[in-house]
Amino acid sequence: MAQVCVVGAGYVGLTTASCLAQIGHTVIGIDVDSAKIEALNKGMIPIVEDGLESITQQMLATRRLTFQLGYSETISSCEFIFLCVPTPQDEDGSADLTYIREAAKSLSPYLASKSVIVNKSTVPVGSTLVVEEIVRRDDIFVVSNPEFLREGSAVHDFLHPDRIVVGSSNKQAAQRVADLYQSIDAPVIICDPASAETIKYAANAFLATKLSFANAIAALCEHVGANIDDVMEGIGQDKRIGNQFLKPGPGWGGSCFPKDTRALVKIAESAGYDFELLRGVIDFNEIQFDRIVNKVRNAVGGNLTGKQIAVLGLTFKAYTNDLRDSPALRIVEQLKLQGATINAYDPTVANPLPQTNFCATSIDACASADAILIATEWPEFALLNPTAIGKIVRSKHMIDARNILDADLWKSAGFTYQGVGR
Ligand code: UDX
Ligand code: UDX
């Protein structure tokens, strides 16, 4: 069991810190946000993440997990230092390494000899070298260990990964990091840093491509009169394709896919490769947002001016309270620009959004609506009663951008129903 430090206590950092403690290591979680650290040391976690609160509280009680504000001597007792700080998008789409650099600089004075800096943040190819440049010590190793956590199931994904990837130019250092995960049953891929960094981007880019393909096939189904549910069932049974990540919807979003796909296009560009295919995937995702806006506009007769639209779901997907790069927000923005009034509801979003009426329940949001849009696949929306809703709306138009409703049930209650590819 090792002494570990995790820098950055966000979605990735907090999950990493609590789960590493769960599998037996002693972990110090560090963040620069004092309010977050104070809350965490009281066992209060600022994010909606299944199972994370209980694991964090259990590990705090065992003292195998502690949180501290900023950098200090305690770091020198750690053999492994994980970096889970943000790598936001720069104007030009490339990944901004400011926080990575700052963390490496701040850590340097405290690093014990032979300790390993483990980069878990999503960073462009070559970033391991950037950290090595800053630390400049032969007795400190830098290893890439990308995460593949999905928000909403991050704890499960950490403890049951499909694979563990470790990239380093020093095989012993790579093996030491791999050994941290000994109690986790998953294949371990040990490779060079550039390959490990590329695996992360390629994985996200592939998943985004698969989703854009599913949304494109959904558009085709609408034109040829096929049913997307059957089509996805039919292709998903092919083991070479796989039935995961084939649910069509309003387009993909979140804190990773949009930023990572753009960053990969930039990485390729700066290396002299024009990643045309991925640029097409990104452009098509923008078109998908417009396709949903068009469905809403067509439902209310072609003009959104003065129309009241109920938007159910604001987060980028269900089971998280994360609004970062949410397709729902992109669509709401467009609807407002075209003159609509928005009554929105989301079970996990508390703070109202600018120029958007925020409702306490989905029923309140639907009252006097000219059309209803389901933008996030929260299960409670599938339980809505179309007959009851039909009595409170101004016009019966349903746009189910997540294909979660029983279309026939809503049609039999007098609603027009539009899904995605249905
Ligand atoms: C982050 C990155 O955005 C992502 O690219 C990477 O793959 C994993 O880590 P996430 O955990 O979702 O993803 O970020 P966020 O929830 O914003 O958490 C980052 C945390 O780092 C915040 O708590 C922030 O306060 C903290 N932070 C930021 C530091 O501790 N030090 C810094 O210098 C900057
Ligand atoms: C993603 C990757 O899945 C994860 O491995 C990586 O570490 C971080 O980025 P996350 O951002 O949590 O995780 O979201 P994900 O569950 O992948 O969904 C991304 C987007 O695709 C969401 O907007 C979601 O609604 C959409 N999606 C996903 C679909 O529209 N259909 C699907 O079938 C799956």
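Is phenylalanine 245 buried, exposed or partly exposed? At 27% relative accessibility, phenylalanine 245 counts as partly exposed, because buried means under 20% relative accessible area, exposed over 50% and partly exposed in between (1.4 Å probe, protein chains only). Welcome to a predicted model, in which local features need pLDDT of at least 70 and side-chain atom pairs count only at pLDDT 80 or more, while totals for chains, interfaces and linings use all residues. Residues are numbered from 1 along each chain as its sequence is written, chains are lettered from A and ligands numbered from 1 in the order in which they are written, and side-chain values use heavy atoms, with hydrogens and water left out.

**Around ligand 1**

- Let us start with the ligand: 20 residues surround ligand 1 (a residue is near if one of its heavy atoms lies within 4 Å), and the closest are Asp31, Lys36, Thr87, Thr122 and Lys259.
- By class, this shell has eight nonpolar, five polar and seven charged residues; here Ala, Val, Leu, Ile, Met, Phe, Trp, Tyr, Cys and Pro count as nonpolar, Asp, Glu, Lys and Arg as charged, and the others, Gly among them, as polar.
- Helices α1 (11-22) and α4 (98-107) each supply at least two residues of the shell; helices (H or I, at least four residues) and strands (E, at least two) are DSSP runs, numbered from the N terminus.
- Now for polar contacts, which are pairs of N or O atoms within 3.5 Å; within protein, one must be able to donate a hydrogen and the other to accept it, and residues adjacent in sequence count only if both atoms are side-chain atoms.
- An N or O atom in the side chain of lysine 36 is 2.6 Å from an oxygen atom of ligand 1, a polar side-chain atom of glutamate 147 lies 3.2 Å from a ligand oxygen, and a polar backbone atom of valine 32 is 3.4 Å from one.
- Ligand 1 has 690 Å² of accessible area on its own, and the protein covers 89% of it (Shrake-Rupley method with a 1.4 Å probe; for residues, only the protein chains shown count as cover).

**Cavities**

- The whole structure holds two cavities of 30 Å³ or more. On a 1 Å grid over the protein atoms alone, a cavity is a set of points where a 1.4 Å probe fits but cannot get out, and lining residues have an atom within 4 Å of a point. Grid points are joined across faces, edges and corners, and a volume is the space filled by probe spheres set on the points.
- The largest cavity has a volume of about 70 Å³, and its lining includes Trp252, Phe289 and Arg330.

**Residues to find**

- Lysine 200 is found in helix α8 (residues 193-224) and is buried, with a relative accessible area of 5%.
- The side chain of lysine 200 reaches the backbone oxygen of glutamate 147 at 2.7 Å.
- Phenylalanine 245 sits in the loop between α9 (228-236) and α10, and its phi is near 55°, a positive value in a residue other than glycine.
- Tyrosine 319, in the loop between β9 (308-312) and α12 (327-337), has a positive phi of about 65° although it is not a glycine.
- Most residues other than glycine have a negative phi.

Definitions and conventions
On a 1 Å grid over the protein atoms alone, a cavity is a set of points where a 1.4 Å probe fits but cannot get out, and a pocket is an open set with protein on both sides within 12 Å along at least five of seven lines; lining residues have an atom within 4 Å of a point.
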